[in-house]
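Please view the sequence and the model first, then read the points below.

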Amino acid sequence: MWQFLVRLFKKKEAQVEEQDVMKKYLIVGLGNIGEKYENTRHNIGFKVLDYFARHEDLTFETQKLGDVATYKLKGRTFIFMKPNTYMNLSGKAILYWMTKEKIPMGNLLVITDDLNLPFGSIRLKTKGSDGGHNGLKDIQDKLNTTKYNRFRFGISDAFNKGRQIDYVLGEWSEEENSQLKERLEKSVELIKSFVLSGVNNTMNAFNGK
């Protein structure tokens, strides 16, 4: 009888732990560390998370492989992470934190810049190629899959031939800066919707908006 009760307790304990894990989400903003990169187009992932943190009074703390902040809403836990590995090694940081926090693949959201979308366009996808993006390439390599949620923020392709690197590592124009606040607010709404309403509902509500 006692052994049966012990097994029952362990089973319920495991179920509770599994439910808790399913309520945790890893939200990763891609970017490069350092002041010179702070306002560049390539750092929009950092910028989105910093905007979210300011409006919810959150503080990022430097931990292993990234700066991390935690936010709770309606029984869900958002773990925000900005890798400090530089863009090209983003996958290393993501894999570490997914493992550490036992984050299911479906609860991962990666925020990245996208040259193939007009400035300010936002699009949520559940899979896709790296599209030549070195950060996404490393994530795909480390996770060994192209099937992970990514939030693509359009930075447009308004650069001359051969100037792509200068463009993505360049700072926002005055016109872009004037429109960023509204786009960042929309990005925060998308992140909350992803966690609370699920990826499919969020794609329907936000893609192309």
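A residue is called buried when its relative accessible area is under 20%, exposed when it is over 50%, and partly exposed in between, with a 1.4 Å probe and protein chains only. The structure is a predicted model, in which local features need pLDDT of at least 70 and side-chain atom pairs count only at pLDDT 80 or more, while totals for chains, interfaces and linings use all residues. Residues are numbered from 1 along each chain as its sequence is written, and side-chain values use heavy atoms, with hydrogens and water left out.

**Overall architecture**

- The protein contains seven helices and seven strands; helices (H or I, at least four residues) and strands (E, at least two) are DSSP runs, numbered from the N terminus.
- Starting at the N terminus, the order of the elements is α-β-α-β-β-β-α-β-β-α-β-α-α-α.
- Of the 209 residues in the protein, 46% are buried.
- Among contacts (heavy atoms within 4.5 Å) with a separation of 6 or more, 69% are between residues 24 or more positions apart.

- Arg123, Lys125, Lys127 and Lys147 form a patch of positive charge on the surface.
- Such patches are made of residues with over 30% relative accessible area and no salt bridge, with like charges joined within 9 Å and nonpolar side chains (Val, Leu, Ile, Met, Phe, Trp, Tyr) within 5 Å.
- Lys and Arg count as positive and Asp and Glu as negative, whereas His and the chain ends are not counted; the place of a charge is NZ of Lys, CZ of Arg, CG of Asp or CD of Glu.
- Lys147 belongs to the loop between helix H4 (134-143) and strand S7 (149-154), and it is exposed because its relative accessibility is 56%.
- Asp138 is part of helix H4 and counts as buried because its relative accessibility is 9%.
- Leaving aside residues up to four places away in sequence, Asp138 touches Asn88, Leu89, Ser90, Gly91 and Lys92.

**Positive phi values**

- Lys74, which is not a glycine, has a positive phi near 50°; it sits in the loop between strand S3 (66-73) and strand S4 (76-83) and is exposed at 67% relative accessibility.
- Ser156, likewise not a glycine, has a positive phi of about 70°; it is located in the loop between S7 and helix H5 (164-168) and is buried, with a relative accessible area of 14%.

**Salt bridges**

- Side chains of opposite charge can pair when their charged atoms come close.
- Under the rule that a side-chain nitrogen of Lys or Arg lies within 4 Å of a carboxyl oxygen of Asp or Glu, the count is twelve salt bridges.
- Asp141 pairs with Lys142 in a salt bridge, with the closest N and O atoms 3.7 Å apart; Asp141 is exposed at 54%, and Lys142 is partly exposed at 30% relative accessibility.
- Arg163 and Asp166 are joined by a salt bridge of 2.7 Å, N to O; Arg163 is partly exposed at 44% relative accessibility, as is Asp166 at 45%.
- Glu182 and Arg183 form a salt bridge of 2.8 Å, N to O; Glu182 is partly exposed at 41%, whereas Arg183 is buried at 11% relative accessibility.

Note on methods:
Accessible areas come from the Shrake-Rupley method with a 1.4 Å probe; for residues, only the protein chains shown count as cover.
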